[in-house]
Amino acid sequence: MAIDRRSLLLGTLAFVGTGSIGKAFAAAAHQTVAYVATARRSSGDFCILLLKADGSIVREIALSARGHDVAYHRPSGRVVVFARRPGTFAVAFELGRNTPPHIFTGGAGRHYYGHGGFSQDGRLLYASENDIAGERGVIGIYDVGRGYKKIGEHSSYGIGPHEIMLLADGKTIAVGNGGIDTVPDAWRAKLNLDTMKPSLVFVDAESGKLVAKHAMTGEFKSLSVRHVTQDKAGLIWFGGQWEGSPSETPQLVGSAGPDRELRLVDAPGGGKDLRGYIGAMAVSNDGRFIAASAPKAGHVLYVDSESGKVVGKSNLKDVCGISSEGRQDFAASSGFGVIRYETATASTISEHQLQDIAFDNHLRRVA
Amino acid sequence: MKQSLSALIAMFVSIAIASASAAAEPPTHLAMAQAAIETYVIPHVDALKAAAVPLPAAVENVCKSGSPEAQTALEKAFANVVLAYAGVDFLRFGPMLEKGRREQISFWPDPRGFVARQLRLILLNKDEKIAEPGMLAKQSAAVQGLPALEVLIHDKDVPLGPTEPARFRCLFAHAIAANIVRLTSEVADGWEKPGGWKDKMLHPGPDNDTYKSGSESAVEIVKALLVGLSLTGDLQLKPQVDHKIRLTPPYAKSGLQKAFYAASVAGLHQLYNSLRLEDYLKPDLAWMKGWAQGTWRTLESTDGVGGRSPQAKRPDTPSTREVFDRMNGLRNIVANRLSVAAGLTVGFNELDGD
C-alpha cells in the first residue's frame, strides 16, 4: 500500500481515538475462518483479521486503537477481542454471523490487560483488568447473554493480571499476574518495577477464592508472569518477561500446577538468548508440545511437556502470535506479515506472506 | 591561461560531483550506530555525569548557610542535571536499563504519588542510617533520585538550611545527591569502559551476546529514538491535548517543564540527525525529508505547553494538537518508512510488546 501525506496525517490524527468501531468489510464465512488475530495496517490503522489457513483475509474489523488477544468459544462461535493495556474496549462478534460487532467496556476505573476467556458453557466471559484506584488486579465477569453486561469481579490476587485462562476442569482460572502497575494517565509506563511482585495464581471461577499462588521471589522477583497455556496433564506452562537487569536474565518459561511447585525449563542459552521476553504461549492440539514465542529474539521455543525438555527452536523475525495447528504442529505470525506453519521440532511446513499487515502479539485458532 | 581556467573548472566540477555523490551515499548500519554513539550518546552521558558532580556540594552549601544565594545555586545545579538527563531519558537499554538505574535517577511519571508516599515515611522515621554508604540504594527507586531531591529542595515548610527541623532532610538530600552522582557515573562508565556497551554495539558478531550484526546495533538506536518520540508525545504533550488526563509534568515543582520538553526534543533531533536515515530515501519518497524537517521545526517552535519557544523557527506558533499529531506522524514515519528504507527492520512486536 502506497503512503502519501494524506494517509500519514489521517493515521496520526486517529491516534487519540474515541473508541468507536468501524464497519465490517466482508461477509463472514464461518467454515473457512481458521484464525483470528489483531494487526496493524501500514497506514497505522489497527484491525481484527479473520483469516483462512492460507493467510487470506475473510473479514476485517477496524479498531480505533491497538487490540491484543482473542477469546473464543468454539460451540457458539463467539469471539471477543480485548484492547491492549491500558485500553478500555472489548469487541464481541460471532464467526457465523455478519452482524456489526458489539463493543463493551470494563466500566469506570478499569482498564483491560488484553486477555480473557469464556466459561465452558459460554455463558460467562472473564477478563483480566486493573482496578486503577484500588491498585489491584481483578478478573471481570460478564454475562454473555445480556450483551456482555458486567456482573461481577474476582480478585486476581496480584497486580497486573495479564493472560487468564479457564482450565480444562472448567472450575479454575489460571492467572499470570505480571506484577506491573499501570495507570492510563501515564499511558504504558511501568510504575513499580523495583517493587513488583509477579505471581502465577489459581482462582476458583465461581467463588473467586484463591486456590494456589506461586509468587516470584528472590532472584526471580522481576520475572513478570504474562502468558499461560495448559498441557494434557493439566499443568500450566507460563512465559515471562524479565524486568530486571538484562545481565541477570533467568530462564523465562516454566510450569506449575495448583498442587505442583513451579519449575523453569532449562533452555539452552537461557532467557538472555530469548532477549528476556516471551510474547505468547500455545499448546499443541494433542496437549503434548508447548510453544513460547520470543519476538525480541525472533525465536519460537518448543518444549515437550512430557520430558520438560526443549525439542526445537525456530527463527522468525518479530514472531509473536502462536497457535496450534493439526495434531502436533503450530502456526506462528510475525510483525512482518508472515504466517508460518512449523513442527515442534522447528521444521517449516509452509509459509505465507501478507502484504501491508503487521500481525500483533496473538493468533487464535478457531477452526 | 585558457588551459588552466579549463582545468580549474574541471576540478571544481569533479569536486562538486564527488561531494554530491558523497552526500548521497548512505552510511552503513554499523556507521549509523557509530555516529549515534560517538556524536550523541557518549557526549550526553558524559554531560549528565559532569552535571551531577556539583550537586552534593550545592546541597551542603545550602544546608550550611541557608542563604538565598546558595539556594539559587542549588536550584541551578539541580536544573543542569535534570536537563542533561532529558537528553538520555530515552536511551532505555544497556547501562541505563541495568540495575534499574533509569527509575532510580528519574522516577517519573508518578501518577500514584509514590515519591511523596515514600518520602513521607522516610521523613517520619528519620533513620540516619539512610546516609550510610549503600543504604539509600536499598530504598524504593522513588526516593533515590531527582524527583525526591526536588521535593526536598522546594519544600517551603521545612526549607533546607542550618536549622534543627532541616537536619535530617539535609542528611537525606545529600545522600540522594551523592546517589545521583554514583548512578550517572555508573551509566557513563557502563558505556565507555573497555568492553562496555559502546564496544558491545560497535563490535557486533556471532560471539556478541546482544548484537549479532551492525544492523542490530543500528536498530537499537532507532528504537531509542522511537521510545523518545513516544515518551515525549504520550507523557509530555498528550496531557495538554486530552484534558481528562491528570499527570503532573516532569519537574514542574522546579518550573522545568518547558525546559525539559525543549531538551527532550533537541536531544531527539540530534539523535535523528546522527542516524542519517533520510539518506536512504529513494527520489519518489524524498518528500518525507521535507516533511520531517518541517516537523522538527514545528516541535522546536513550541514550549510544549501551548506557548512559543524562544528558539522558534516557524513564523507562527503551532497548537499543541498540531505538535502532538506531528510527533506521532514522525514516530510513524521513522518506524514504518525511514527505517524500512534504510533496511532496518524494527519489529512491531519487539518494539513495545506486552
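**Exercise 1. In which loop of chain A is the place of Met216(A), between which two strands?**

Let's take it step by step. Met216(A) sits in the loop that links strand S15 (210-215) and strand S16 (223-230) of chain A; strands here are DSSP runs of E with at least two residues, helices are runs of H or I with at least four residues, and both are numbered from the N terminus. A word on the ground rules: residues are numbered from 1 along each chain as its sequence is written, and chains are lettered from A and ligands numbered from 1 in the order in which they are written. The model is predicted, so local features need pLDDT of at least 70 and side-chain atom pairs count only at pLDDT 80 or more, while totals for chains, interfaces and linings use all residues.

Next, look around Met216(A). This residue has 23 other C-beta atoms within 10 Å and is therefore buried (buried means 20 or more such atoms within 10 Å, exposed 12 or fewer, partly exposed in between, with C-beta atoms placed from the backbone). Leaving aside residues up to four places away in sequence, Met216(A) touches Pro198(A), Ser199(A), Lys221(A), Leu223(A) and Val225(A); a contact means C-beta atoms, placed from the backbone, within 7 Å. Finally, Leu262(A) is 46 residues from Met216(A) in sequence, with 9.4 Å between their C-alpha atoms.

**Exercise 2. Decide whether Arg59(A) is buried or exposed.**

First, locate Arg59(A) in strand S3 (residues 57-63) of chain A. Then count: 20 other C-beta atoms lie within 10 Å, so Arg59(A) is buried.

**Exercise 3. Trace the strand pairings of S26(A).**

Start with strand S26 (residues 338-342) of chain A, where four of the five residues are buried. On one side, strand S25 (residues 329-334) of chain A runs antiparallel to S26(A) and is joined to it by four bridges; strands pair if DSSP finds at least two bridges between them. Phe330(A) has Glu342(A) in S26(A) as its bridge partner. Three residues separate the two strands of this hairpin, and Gly337(A) in the turn has a positive phi of about 80°.

Now turn to strand S27 (residues 348-353) of chain A, which pairs with S26(A) in the antiparallel sense over five bridges. Here Val338(A) is partnered by Gln353(A) in S27(A). This second hairpin has five residues between its strands, and Ala346(A) takes a positive phi near 70°.

**Exercise 4. Work out why chain A counts as being as compact as a globular protein of its length.**

Begin with the inventory: chain A holds two helices and 28 strands. Its radius of gyration is 19 Å, close to the 21 Å from the globule rule for 367 residues, so chain A is as compact as a globular protein of that length (the radius is taken over C-alpha atoms, and the rule is 2.2 Å times the number of residues to the power 0.38).

**Exercise 5. Describe the contact between chains A and B.**

Count the residues: chain A brings 40 residues and chain B brings 33. On the side of chain B that touches chain A, H13(B) gives the most, with seven residues.

Notes
Contact = placed C-beta atoms within 7 Å.
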